[in-house]
Amino acid sequence: MAGIGLFRIFDPKVRRHLISDEGEVVIDEVRQHWVVYSVPMLEVVLAAALLLTMATTAIGGQPVLLAIVLVLLTHAFWQFLTHHRDRFVVTNMRVMRIRGVFSQTVATTPIARVLDITLQKPIIGRMLGYGHFVFESAAQDQGFREIKWVSRPDDRDLTIQRVIQRTGLRASASVDVLQGDEDSDDDGTGPIGMDSAQEVTTTSAPAATTAPQARPSSSPSATKSIFNSERGNWTDD
C-alpha cells in the first residue's frame, strides 16, 4: 500500500494538461513496459544481498559495502521514478509526451501532424510484448522521434491509426460544411446578408395574405426553403 501511495505521489497527472473545456479526452495513456524496471530490480536485489551478508558475517570493509548499498538503492529509486513518469498520451486532439522527475517536460503536437509511424519489434520484444515507435513527421522535433518500451505495441498502433483516421474525417466534414455555408451572419438560418428578424418577417408575410395566390410554388424563382419556427432551422418545402 505504501508503494502504491508513493507512485501516486509521483504520478505525472496527465489530466491536468487536457483542454477539458474543448472536449479533449484521453484515448490511451501509454506507460513503459515492465522490462524497463528489470535493471532497478536487480540493483535492489544486489543491495539486499549485500545487507544480508553484512548482517550475517563478520567481514571487513563494512562502511564501503554500506556506501555501495546506498548508491545502488538511490540509483534504482531514480530509475523507477524516471520510467514511471515517462508517459506517451494519445487524446482525440493531439499526442503528448510527459517526462521528468523534478523538472517536467511536456511535448505536444496535433494528431493531424502525425503522418508516418514505424513500429519496431525486436525478437525479445516480440516474446515479452513490447516495441518501439518511430515517428517520421514534424513532431520529431518536439520529443516524438522515438517512443521506446511500449507495451502491447500492435494495439497501440491501431489506436493511433484510428484516431488519425477519425480526425481526418472530421476535418474533411468541417471543410465541406464551411464551403457549403452561404449565410454570412453565421446564424445558420438564411441566405447572405439577411439577419434573423428579416428572415422571420419574410417568411411570415405570406401567411397573412390569402392562401394560394401568395405562394407561387410552380414558379422557378420561388424559394425552396422556409423558416420553421418550431425547429428553428431551414427545411426543404
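These are my notebook entries on one predicted protein model.

**Ground rules.** I number residues from 1 along each chain as its sequence is written. The model is predicted, so local features need pLDDT of at least 70 and side-chain atom pairs count only at pLDDT 80 or more, while totals for chains, interfaces and linings use all residues; side-chain values use heavy atoms, with hydrogens and water left out.

**Whole chain.** I started with secondary structure. The protein chain has six helices and nine strands. Helices (H or I, at least four residues) and strands (E, at least two) are DSSP runs, numbered from the N terminus. I then looked up burial. Of the 237 residues, 29% are buried. Buried means under 20% relative accessible area, exposed over 50%, and partly exposed in between (1.4 Å probe, protein chains only). The chain exposes about 15,300 Å², and carbon and sulfur atoms supply 60% of that area. Accessible areas come from the Shrake-Rupley method with a 1.4 Å probe; for residues, only the protein chains shown count as cover. Among contacts between residues at least 6 apart in sequence, 50% join residues at least 24 apart. Contact means heavy atoms within 4.5 Å.

**Four-strand sheet.** I traced an open sheet in the order E1-E2-E3-E4, with antiparallel pairing. E1 and E4 (105-110) stand at the edges with a single partner strand each, so one side of each has no neighbour in the sheet. Neighbouring strands are turned by 15 degrees against each other on average, direction ignored. The axes behind this value are lines fitted to C-alpha atoms, for helices over the stretch in contact, and angles run from 0 to 180 degrees between N-to-C directions. Two strands pair if DSSP finds at least two bridges between them. E1 and E2 (residues 87-91) are joined by four bridges. There I found Val-30 opposite Phe-88 in E2. E3 (residues 94-99) pairs with E4 over six bridges. Arg-94 has Pro-110 in E4 as its bridge partner. The hairpin of E3 and E4 has five residues between the strands, and Gly-100 in this hairpin takes a positive phi near 115 degrees.

**His-132.** I found His-132 in strand E6 (residues 130-136). His-132 is buried because its relative accessibility is 14%. Its C-alpha atom is separated by 5.7 Å from that of Ile-147, 15 residues apart along the chain. Leaving out residues up to four places away in sequence, His-132 touches several residues, among them Thr-118, Ile-147 and Trp-149.

Trp-149 lies in E7. I noted its positive phi near 60 degrees, in a residue other than glycine. Trp-149 is partly exposed, at 30%. Ser-151 is also in E7 (residues 146-151). At 18% relative accessibility, Ser-151 counts as buried. Its contacts, not counting residues up to four places away, include Arg-31, His-33 and Arg-156. Arg-152 sits in the loop between E7 and helix H5 (153-180). Its phi is positive too, near 45 degrees. Arg-152 is partly exposed, with a relative accessible area of 47%.

**Nonpolar patch.** Which residues make the nonpolar surface patch of about 590 Å²? I listed Trp-34, Ile-123, Ile-124, Met-127 and Leu-128. Patches are made of residues with over 30% relative accessible area and no salt bridge; like charges are joined within 9 Å, nonpolar side chains (Val, Leu, Ile, Met, Phe, Trp, Tyr) within 5 Å. A salt bridge is a side-chain nitrogen of Lys or Arg within 4 Å of a carboxyl oxygen of Asp or Glu. Trp-34 is in the loop between E1 (26-30) and helix H2 (38-56). Trp-34 counts as exposed because its relative accessibility is 54%.
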